[in-house]
Amino acid sequence: MNDKTAYLHTYVSVDCAVYGFDGQSLNLLLVERTGNSGGAPDLKLPGSIIMNHEDTDQAAGRVLSELTGVGKIKLRQFRCYSSVERLADPQDVRWLESEYGPKVDRLITVAYIALTRIDRRINDVPKYKSARWCPLEQIGRMPFDHNRIADESLGEIRDWAATEPAVMFDLLPRKFTEAQLRRLYEAVHGRRYDVRNFHKKLVSMDYVVPTDQWQKGVAHRAARYYRFDRVLYRNRRVSL
């Protein structure tokens, strides 16, 4: 095909599915677009079109650095989205062109996943009205194909939890109880775990080490704190 009119003005962007755990539910870090006229908040995954001097990894790092102030946050690239239907909604096109300039015919995005502790401070970013953590069960319709990215990124995390269980501990505080770990597994996998069976699972994780510290000031029986020992985990993985 030699017809140059067949080539479109294509932009490449990054979108970041950033997960946190509030002790009960998995949350996604969402940003509210500017320019919506009333009604429900116009929430989306944080992202950006990449700059001339960046590759996609650098662009994703910039997006999270702007939001969290942390320059080195662990990001994993997991999929590229290039459907011609990504810009089917005129409202999405208008927002893009107001942010990045006119004539955006196609938008290809490279999606990333980050797992982080939910108490991380979130910065104000001028191009967004706000940024907030949102429980997965409360997320409504998002622009572009961000609902699909969210769904498929959760499936990716479930796969990681089966093959690289260390990723789960990026979502927990440094010291955590057995109940906190069990609720995290329930939130990720979307099912309940029997308490006694989960305790057996915990015992089999020799890299989850009991501490000599216990909960204080709780109405129920105080629970012991555990910690994730990354050295034990790495040594165990090497010996397998």
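This is a predicted model: local features need pLDDT of at least 70, side-chain atom pairs count only at pLDDT 80 or more; totals for chains, interfaces and linings use all residues.
Which helix holds the place of Arg 182? I looked it up: Arg 182 is in helix α4, residues 178-189. Helices here are DSSP runs of H or I with at least four residues, strands are runs of E with at least two, and both are numbered from the N terminus.

Residues are numbered from 1 along each chain as its sequence is written, and side-chain values use heavy atoms, with hydrogens and water left out.

**Arg 182, continued.** Is Arg 182 buried or exposed? I put Arg 182 down as buried because its relative accessibility is 14%. Buried means under 20% relative accessible area, exposed means over 50%, and partly exposed is in between, with a 1.4 Å probe and protein chains only. I then listed its contacts (heavy atoms within 4.5 Å). Setting aside neighbours within four places in sequence, Arg 182 is in contact with Tyr 193, Val 195 and Phe 198.

**Ala 17.** I found Ala 17 in strand β1. Ala 17 counts as buried because its relative accessibility is 0%. Not counting residues up to four places away in sequence, I see Ala 17 touching Leu 28, Leu 45, Tyr 112, Ile 113, Ala 114 and Ser 153. I also checked Tyr 81, which is 64 residues from Ala 17 along the chain; their C-alpha atoms are separated by 13 Å.

**Helix α1.** I went to residues 56-68 next, which form α1 with 13 residues. From first C-alpha to last, α1 reaches 18 Å, close to the 18 Å expected at 1.5 Å a residue; the expected span is 1.5 Å times one less than the number of residues. Its buried residues include Ala 59, Ala 60, Val 63, Leu 64 and Leu 67. What covers the buried residues of α1? Among the elements I noted are β1 (10-21), β2 (26-33) and β5 (76-81). At the start of α1, I saw a side-chain oxygen of Asp 55 reaching to within 3.2 Å of the backbone nitrogen of Asp 57. After α1 comes Gly 69, and its phi is positive, near 75 degrees.

**The protein chain.** I count six helices and ten strands. Buried residues make up 45% of the 240 residues. Along its principal axes, the C-alpha trace spans about 70 × 45 × 30 Å. Among contacts between residues at least 6 apart in sequence, 70% join residues at least 24 apart.

How values were computed: A polar contact is a pair of N or O atoms within 3.5 Å; within protein, one must be able to donate a hydrogen and the other to accept it, and residues adjacent in sequence count only if both atoms are side-chain atoms.
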